[in-house]
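Please read the following briefing alongside the sequence and the coordinates.

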Amino acid sequence: MANPPQPTTSMRSIVVQKTIRKHMHAEHAFNAKTKDGSIPLVLVPKYPLLCDTFVRIPSGMWVLYQKWNAHAGILEPGLKMFWPAYYRVSHIVTKHAVTYSAPVKRCATSDNVMIDIDISINFQVGPTSDDAVKFVYMLGAQRFNELISQVTEEAIRGLVHSVRHDQVHDLREEFASGMKKDLNAKMTAYGVVVHNVKVTNVELPLKLSRTLEHTTAFKTKMEEQEKKQENDMRILVNEETQLLTAIVKENDRRVKDLVALKERELIRREKLRFDAEAKMEVMCIDQRSACDAQVLKAAGQKDIAEASATTEATKLRNDAMVLLVKTQREYEQRVKAEEIKQQARIDAALKTAEGLLAAAEAEAKSAGPLALKRQFDYQTKKNAVETDLMSKTKMIISGENGEALIERLCAPSELSASKA
C-alpha cells in the first residue's frame with residue numbers, strides 16, 4: 001500500500017511598512033523577494049536634508065506627499081524641479097494586486113475533526129487615490145496585517161465548523177466565495193478591494209487520512225466486486241434472453257410462413273376470379289364498342305354530308321354576295337370619279353373666267369398710263385433720231401420750217417408737261 005502524502009505547511013504572509021532611503025528605490029523594494037514571507041505594501045522614504053534640485057516621482061504606485069508634515073495630496077509621476085525640505089514624500093503605496101497567503105491550523109469541523117487549510121487572498125489598494133489615502137491614514141500596513149489575519153482565520157474557522165470533514169474538499173468554492181464577500185464588506189471602508197480568494201490546500205490529520213484512504217480503497221474494491229457480479233449476472237441474463245429470443249423468433253418465423261402461404265393462396269384464388277371477370281367485361285366492352293362505333297360512323301357520315309351541302313350552299317351564296325358588293329363598289333367608284341372630274345372642269349372654267357375678268361379689269365385700269373408711256377417712248381426715240389441726224393449731217397435751217405424745228409427741239413416735251 002502506498003504511503004499517504006505528508007502534510008505540507010505554507011508560510012503565512014506578513015504585510016509590512018518598509019523604510020527606504022530614496023523614493024526612486026520604491027519599485028525595487030516592492031519587487032524584492034523576502035525569505036520571511038513579508039510583503040511591503042507601504043514604503044516610507046527618509047526625510048530630505050535640505051532641498052533637492054529635482055525629484056523623480058516613480059509611476060505605477062500611489063505617491064503621497066506632505067507640506068510641513070501635513071498631507072498635501074497625491075504626486076503625479078514625472079520630474080519635479082526644486083524640491084525644498086518642507087515638502088516630503090510621506091508614503092508610497094503599490095497599485096499592483098498583492099497575493100496574501102494565510103494558512104489556518106487545526107480548524108474543527110462539525111464532527112470535531114481538526115484540519116489544516118491554506119488560503120490565498122488576492123487584494124489591491126485602490127482603485128482611486130482616495131482609497132490609498134484612507135488606507136495609509138486610517139489603517140496602515142501593520143494594523144491591516146493584523147486585521148486580515150484575524151478576519152481570515154475567524155471566517156475560515158466559522159465556515160469549516162459548519163460542515164463535516166468529508167465535505168470540506170467539495171465546498172472549496174463556497175468557502176472562497178463566502179470569504180471574499182466577508183472580506184470586501186470589512187475592507188472596503190479602508191480602501192482595500194479583495195479580487196479573489198482561493199483555497200489552495202486542505203489537509204486532514206495523518207491517522208484520519210490513512211483511515212480514509214483504507215476506507216476508500218475498500219469501497220473501491222467493493223464497487224469493483226459489485227460491478228463484476230453485476231456483469232456476470234448481466235452475461236447470464238443476456239445468454240438466457242438470447243436463447244429465448246431465438247426460440248420465439250423461430251416460432252414467429254414458422255407462423256409467419258404459414259400465414260404467408262395462406263395469404264398467397266387466397267390471393268391466387270382472388271386473382272383467378274378477377275381474371276375471369278375482367279375477361280368477361282372486356283368481351284362485353286368490345287361488343288358494345290363495335291356497335292357504338294357503327295352507330296357513330298353512320299351518324300358521322302350523315303353529319304359530314306349535311307355539313308358539305310351546307311358549306312357548298314354557303315359558299316355559292318357568299319360568292320354571289322361578294323360579286324354583287326364588288327360590282328356595286330366599282331360602279332360607285334366610277335360615278336364618284338366622273339363627278340370629281342366634271343367638278344374639276346367646272347372649277348377650272350370658273351377660275352379661267354375669273355382670271356380673264358381680272359386681266360380685263362387690270363388692263364382697263366392701266367389704259368391711260370400705258371398710252372402716256374407709249375407716247376413718251378415715241379417722243380424719246382424721235383428726239384434721239386433727230387439729234388443724231390443733226391449731229392452727223394450738215395444742214396441749213398431757215399425759214400419757218402427751221403424755226404419750228406428749233407422750237408420743237410428746245411421746247412419741253414408735252415409728255416413731260418403733262419406729267420408735271
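Which elements do the buried residues of α4 pack against? The buried residues of α4 pack against β9 (114–125), α3 and β10 (192–203), where contact means heavy atoms within 4.5 Å. This is a predicted model, in which local features need pLDDT of at least 70 and side-chain atom pairs count only at pLDDT 80 or more, whereas totals for chains, interfaces and linings use all residues. Residues are numbered from 1 along each chain as its sequence is written, and side-chain values use heavy atoms, with hydrogens and water left out. Helices (H or I, at least four residues) and strands (E, at least two) are DSSP runs, numbered from the N terminus.

**Helix α4**

- Helix α4 covers residues 172–187, and its 16 residues should span 22 Å at 1.5 Å a residue, which agrees with the 22 Å between its end C-alpha atoms; the expected span is 1.5 Å times one less than the number of residues.
- The buried residues of α4 are F175, A176, M179, L183, N184 and M187, buried meaning under 20% relative accessible area, exposed over 50% and partly exposed in between (1.4 Å probe, protein chains only).

- Five strands make up an open sheet of mixed pairing, in the order β1-β2-β7-β4-β5, two strands being paired if DSSP finds at least two bridges between them.
- Strands β1 (14–20) and β5 (70–74) stand at the edges with a single partner strand each, so one side of each is left without a neighbour in the sheet.
- From one strand to the next, the twist averages 25 degrees; axes are lines fitted to C-alpha atoms, for helices over the stretch in contact, and angles run from 0 to 180 degrees between N-to-C directions.
- Strand β4 (residues 61–67) runs antiparallel to β5 and is joined to it by four bridges, and the bridge partner of Y65 in β5 is G73.
- Helix α2 (residues 129–139) lies across β2 (38–45), β4, β5 and β7 (87–94), at about 65 degrees to β4.
- Helix α3 (residues 141–161) lies across β1 and β2, and it runs at about 170 degrees to β1.

**Salt bridges**

- Ten salt bridges are found in a search of the whole structure, each defined as a side-chain nitrogen of Lys or Arg within 4 Å of a carboxyl oxygen of Asp or Glu.
- In helix α2, D131 and K134 lie three residues apart, about one turn of the helix, and their side chains meet in a salt bridge (3.7 Å, N to O).
- Of this pair, D131 is buried, with a relative accessible area of 12%, while K134 is partly exposed at 30%.
- E250 forms a salt bridge with R253, with the closest N and O atoms 2.4 Å apart, and both residues lie in helix α5 (residues 206–365), three residues apart.
- Both partners count as partly exposed, E250 with a relative accessible area of 29% and R253 with 42%.
- The side chains of E250 and R254 also meet in a salt bridge (3.4 Å, N to O), and these two residues are four apart in helix α5, about one helical turn.
- A network of salt bridges links E250, R253, R254 and D257.
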